[in-house]
Every structure is written in C-alpha cells, then in structure tokens.
Amino acid sequence: MAQTEKKGGLLRKSSASKKPLKEKVVLMYDEIFMTEDPSKCNPRFWEELFLMKVNLEYLEGKLEALDGEELMKIKDNINCLFQHCIQALGEEHPIRVVNALQTLCALIRGVHQKNKSTSGFDIINMLVGFDKAELCMKNLMESLDSLLCAEGSESLKSLCLKLLLCLVTVTDNISQNTILEYVMINSIFEAILQILSSPLSRREHGYDAVVLLALLVNYRKYESVNPYIVKLSIVDDEATLNGMGLVITQALSEYNRQYKDKEEEHQSGFFSALTNMVGSMFIADADEKISVQTNEAILLALYEAVHLNRNFITVLAQSHPEMGLMTTPTSPIPVTPVTPLGTTPPSSDVISSAELPLDADGQTSNLLITFLKYSSIVMQDTKDEHRLHSGKLCLIILTCIAEDQYANAFLHDDNMNFRVNLHRMPMRHRKKAADKNLPCRPLVCAVLDLMVEFIVTHMMKEFPMDLYVRCIQIVHKLLCYQKKCRVRLHYTWRELWSALINLLKFLMSNETVLLAKHNIFTLALMVVNLFNMFITYGDTFLPTPSSYDELYYEIIRMHQNFDNLYSMVLRLSTNAGQWKEPASKVTHALVNIRAIINHFNPKIESYAAVNHISQLSEDQVLEVVRSNYDTLTLKLQDGLDQYERYSEQHKEAAFFKELVRSISINVRKNLAFNTLSQELLLKEFSTIS
C-alpha cells in the first residue's frame with residue numbers, strides 16, 4: 001500500500017503521479033474563503049470544523065494572501081467563523097474547545113497581519129462586525145475567564161493564556177490595539193490572580209500570567225483609567241502577592257543560572273586560556289561571548305508590582321519556605337520549547353527543591369537578592385540596547401525601593417543579614433574572582449556595592465549619563481533614610497568616596513568630549529552634594545567617629561581633584577556661556593569641601609615641618625585632623641536631605657512606551673514560532689467522551 005506523505009495541507013501519494021489530495025480541514029477552510037455561506041450546503045459544517053485538527057499555517061497564510069477587497073468580500077464568513085469559535089468555547093468536548101482557541105489565534109493574527117496599516121476599528125469589524133462586537137467580545141472574555149478559573153485541563157488554561165497574549169500583542173504598540181478595550185471592560189484580572197495564588201496553576205502558567213498582566217497594565221496607562229492598574233494597586237492577598245514574587249524570582253534566577261553556566265564554560269575554555277596567556281587585551285570580546293539575552297518582560301512585571309502596589313514591597317525580602325519543600329510533580333508536564341529569555345518561561349515553570357530559595361552559596365535567598373544579582377549582570381554591558389534598557393529599568397526599580405519607607409526598614413535591618421555575591425565586570429586592573437569571604441551584611445550594603453560597581457566600571461567614551469544620575473540618586477535616597485532614622489551602617493564607605501572622586505576626575509579629564517553631549521555639571525553637583533551630606537550629617541549615620549575622620553582624610557588626600565574641579569567650574573561660571581548657571585551651582589556647593597582642604601592642609605604641612613617628616617602616614621594625618629576640628633568653620637547648606645520623588649508619567653513615559661513595544665514584539669514572535677503546537681494538547685484529548 002502506498003505511503004501517504006503530508007505537507008502544507010496536502011495529502012500526496014508517494015508512489016503515484018495523481019493530483020495531490022487536500023486535508024479535509026483545508027478543504028473546509030477553502031469553503032470559508034468563498035463568498036457563499038459554507039453551512040448552506042452542509043448544515044453540520046461548523047460542528048464538523050471544530051472536530052478537525054487546526055492547520056494554523058494554512059489558515060494564517062490564506063488570510064495574509066488576500067488583498068483588502070478580497071478580504072471584505074468574505075467578511076461575513078470571517079465573522080461567522082469568529083462567532084462559531086466563541087460558541088465552541090462553551091462545548092463540553094475539550095477537542096472542540098482546543099480547536100476553537102487555535103482557530104481564534106490564527107484568525108486574530110492573520111487579519112491583523114493583513115491590515116497593519118488600517119485602524120483598530122476596521123480590525124474589529126473584519127473579525128466580528130461592529131453590530132455584534134460588544135456581545136461577541138463579552139462572550140469571548142467570559143468563556144476565557146471560565147476556562148482559566150475552572151478545575152479542568154491545565155493545557156486548556158495554557159492555551160487560553162496564549163490566546164490572550166496573542167490578542168494583546170498583535171500590534172507593536174499595544175495602546176493602538178482597540179480590541180483591548182473589550183479586555184478592559186470584561187476584566188480577567190481575578191482569573192490571573194487565581195492562577196498566581198494557586199501553587200499548581202502558578203507552576204504551570206505563572207510566567208504567562210505575569211507577563212500578560214504586565215502588558216495589560218500598560219494599555220493606554222497615561223490616557224485613561226486602566227482597571228488593571230487600579231486593581232493591581234490594591235491587591236493585598238498574601239498568597240497572590242507571594243505567588244507573583246515566586247514567578248518573578250524563578251525567571252530571574254534562571255537567567256542568573258544561565259549566565260553563570262556560560263561564564264564557567266567560557267572560563268574553562270580555550271579562549272580563557274588564551275586570554276590568560278596574552279593578558280587582558282581581549283577582555284571586552286570575552287565578556288560579549290558570555291552575554292545572555294535579557295528578560296525585559298519579567299522585569300517590567302517586577303517594576304509594575306513594586307511601583308503600583310506597596311504591599312508587594314514585603315515580598316521582596318521574604319524567603320519562600322514552600323519553594324524549598326516543593327518537589328517536581330510526578331505527572332507529566334507539557335515542556336515549553338527552548339526560546340530566548342524575555343519571551344517565554346525559562347523552564348517548565350516547576351519550582352523544585354534544587355532551585356529556590358537557596359542561592360549558589362547555600363544560604364536562604366529572596367526576590368531582592370535575586371534581582372540584585374540579575375542587575376549586576378545586565379548593568380555590566382550598557383552598549384547593547386536591550387541591556388541598556390534592562391539596566392535603566394533595574395535602576396528605576398531600585399529608585400522606587402530606595403524611596404519606600406518599609407523597604408528601607410528591611411534593607412537596613414541588622415537582623416536580616418545576607419551574603420550577596422554580585423557579578424563584577426572584568427577589568428584590566430583587577431582580578432575577576434568572586435569574593436568567597438564576603439561577610440553577611442544588611443541588604444542595603446549589596447545595593448551600595450552595586451552602585452559603586454557601576455560607578456567604577458562605566459567611565460567610558462559612550463558615557464551613560466542617565467544611568468549615572470539614577471545611580472547617584474539611589475545612593476542619596478538611601479543616605480537620606482539613614483540620616484532621618486539615624487541608622488549607623490557598618491559599610492566600607494571609603495570605596496564609595498573613592499569611586500565618587502574618581503568619577504569627578506573622569507568628568508574633568510573628558511570635559512570637552514562630554515560637554516558636547518551632556519550637562520556634566522548636574523552630575524558633578526549631585527556627587528559634590530553627596531560629600532556635603534556626609535560632611536554635614538555624617539556624625540548622625542556614619543558607624544564610628546573614626547569613619548568621620550576617614551571622610552576628611554579622603555577629601556584632604558584627594559584635594560587636587562576638588563581643586564581642579566573648582567578651577568573648572570569657576571572658569572565656566574565667570575564666562576557668559578551656556579554652562580554659566582550650572583557651573584556656578586557647583587562652585588557654591590564646593591564651599592565646605594574647600595574650607596576643609598584650606599583649613600587642614602596648612603596644619604598638615606606645619607606638622608610635617610615641625611616633626612621633620614617628608615611624608616605623613618595616614619595615622620599622622622588623622623591625628624592632625626582630630627586635633628583641629630574645633631577651629632574649622634563650615635556653612636550650613638539647606639536641602640541636602642531633600643529629593644524629588646520618582647514620577648513615571650512626567651519623565652519616563654517615552655521610555656516605557658518603547659520598552660513595552662519591544663516586549664510586545666518579542667512575545668508575539670515567540671508565540672508565532674514556538675508555543676501553539678497542538679501535539680501535546682491532542683494527546684491529552686485523544687478521545688471524546
């Protein structure tokens with residue numbers, strides 16, 4: 001008997017030269033694409049259609065092949081197909097439901113692909129017809145809500161979420177997707193929360209649910225009242241918030257693990273041996289080889305949760321005991337195809353005892369630690385656009401955290417100490433070895449370490465001014481909390497002071513190049529005012545009196561940098577150029593630093609002359625400092641502990657619009673190629689009862 005070969009909707013006999021035979025479902029699609037109603041000749045047409053395995057490729061291709069006029073001619077049949085799909089979602093037989101969901105995905109994508117240039121209202125008319133749109137979409141959303149909340153098949157729930165992601169992301173700019181008005185009116189918010197609060201549903205569908213929620217929150221968020229924003233901001237159910245935190249933690253942990261694996265693989269390879277042999281000249285190339293695609297989708301979800309919901313702040317510091325107890329279920333789970341991070345779940349979304357909450361050091365971890373490690377990776381290389389966006393979003397999230405009173409309370413809590421191994425950028429003047437002897441410290445120390453690391457490693461030609469400003473603002477906000485609450489943090493402040501002084505030195509050395517692109521005086525003023533904060537209020541939050549002495553020692557030791565900065569800003573503030581005003585602000589801000597230098601330097605020189613010492617040791621300089629505080633006069637500077645609070649709408653709207661566009665494209669691309677395979681679904685529903 002001749003074997004039958006299937007290709008592109010055709011059935012071909014391999015041993016004969018007869019005309020290829022089409023699959024029955026393809027023949028039925030062809031009938032839909034005629035102008036006649038297909039059910040006229042066959043009253044059971046629609047009933048039979050949803051028993052046939054969907055041929056997504058053929059259906060989408062057929063829609064895309066038609067021009068606008070041809071599509072309008074079969075509009076009634078398209079409307080009819082859409083309506084029958086919605087009716088089929090209420091069927092008892094799961095195969096009909098599966099096929100209806102698949103067909104809806106193909107219809108929505110196919111019609112949108114064909115009508116990219118037309119308005120959203122035309123798309124609605126083409127799919128359902130204006131006269132029936134409200135009722136049809138209401139029925140569709142209610143059916144999807146019922147399927148997501150039901151006790152039934154996990155595969156059906158998965159397909160419902162895929163359909164919703166398909167619906168949300170058919171346009172690059174989701175705010176131009178008018179179909180989403182119906183998703184706003186007929187909310188599925190509670191269904192998403194139910195998935196996140198249930199351990200089984202969360203393991204299976206948590207990632208898709210979180211990404212879907214993040215996208216829905218960004219629909220016309222500045223133009224009208226978005227019910228998903230309102231509802232997300234008031235969620236206070238602990239199980240739901242923890243569930244969301246677990247999904248985000250796992251996705252970020254998976255990214256960190258992949259990066260670590262690639263890093264170890266790279267270090268043990270031939271290229272690493274070659275690098276060791278010839279020095280550090282290839283370090284930049286080596287770093288590029290271990291980059292892993294960033295996950296902006298899950299990062300956006302974390303941002304929206306932190307920014308909108310104050311109750312979510314508590315989730316950041318919680319270790320999750322259920323993660324440690326959970327084991328991989330014995331029942332088979334559909335395996336998600338391997339795809340780039342940022343588009344789909346990094347794994348089958350099963351949290352096992354081997355993954356969380358323990359980190360690589362075998363200590364209890366939490367969402368904040370995982371996020372800080374993720375940030376330390378993506379912030380290393382800001383030359384890549386995706387990493388630049390990810391790095392910026394990481395700093396925006398940290399800004400929101402640094403402004404929150406409760407977050408600061410646990411960041412600075414002496415009873416919550418962790419060892420956080422951040423990733424450090426390979427640099428010529430230091431070894432890229434992870435410090436295994438890091439002490440356990442309050443979490444704020446890891447945040448400060450991350451900021452110092454960024455300051456030190458990004459002084460380059462393509463200077464990321466915006467990220468530096470955010471970085472300094474985060475440090476300032478943390479210091480404001482410490483001053484306000486008199487928190488004496490045992491931190492290696494010298495590393496921060498040294499990094500800040502080197503930053504000022506870099507700005508001065510590259511004055512001409514940088515001034516062509518940036519107002520460097522804004523950043524210089526922020527750095528100088530950080531020192532003013534330490535000088536004016538340091539006695540209230542530095543850990544010991546000797547820490548305050550060390551601050552003065554660093555200022556005196558590096559006085560040449562401050563002298564040079566003063567000369568530069570004085571020169572520009574006395575000229576009538578565009579930098580006159582911003583430079584003069586820095587001139588005024590330097591008054592106390594210059595007073596310290598001018599007060600102590602003569603005394604140090606005098607001490608050296610009297611004792612016939614050519615070069616004083618640190619202890620000798622500190623002795624001079626301690627014995628001459630009494631005669632030092634400083635000016636009280638106002639507003640050092642004040643800051644402007646973060647505002648998304650006024651300053652970040654353009655950034656988030658572009659970010660959401662990028663995420664929408666990624667999610668759609670992934671759905672198109674990987675996640676709509678029916679094989680697992682049809683195996684699960686291979687019999688109809």
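## Aromatic pairs

Rings of Phe, Tyr and Trp (its six-membered ring) count as a pair if their centres lie within 6.5 Å; planes under 30 degrees apart are called stacked, over 60 edge-to-face, and the rest tilted. By this rule the whole structure holds 22 aromatic pairs. The pair Y406 and F410 is edge-to-face, because the ring centres are 5.7 Å apart and the planes stand at 70°. Both residues belong to helix α22 (residues 405–411), where they are four residues apart, about one turn of the helix; helices are DSSP runs (H or I, at least four residues), numbered from the N terminus. Y406 is partly exposed, with a relative accessible area of 43%, whereas F410 is buried at 5%. Buried means under 20% relative accessible area, exposed over 50%, and partly exposed in between (1.4 Å probe, protein chains only).

F534 and F541 make a tilted pair, with 5.6 Å from centre to centre and 55° between the planes.

## Charges over rings

A charge sits over a ring if NZ of Lys or CZ of Arg is within 6 Å of the ring centre and within 35 degrees of the ring normal. R594 lies over the face of Y566, 3.6 Å from the ring centre. K221 lies over the face of F656, at 5.5 Å.

## Basis

The model is predicted: local features need pLDDT of at least 70 and side-chain atom pairs pLDDT 80 or more, while totals for chains, interfaces and linings use all residues. Residues are numbered from 1 along each chain as its sequence is written, and side-chain values use heavy atoms, without hydrogens and water.

Terms used: Helix = DSSP H or I, 4+ residues; strand = E, 2+ residues; numbered from the N terminus.
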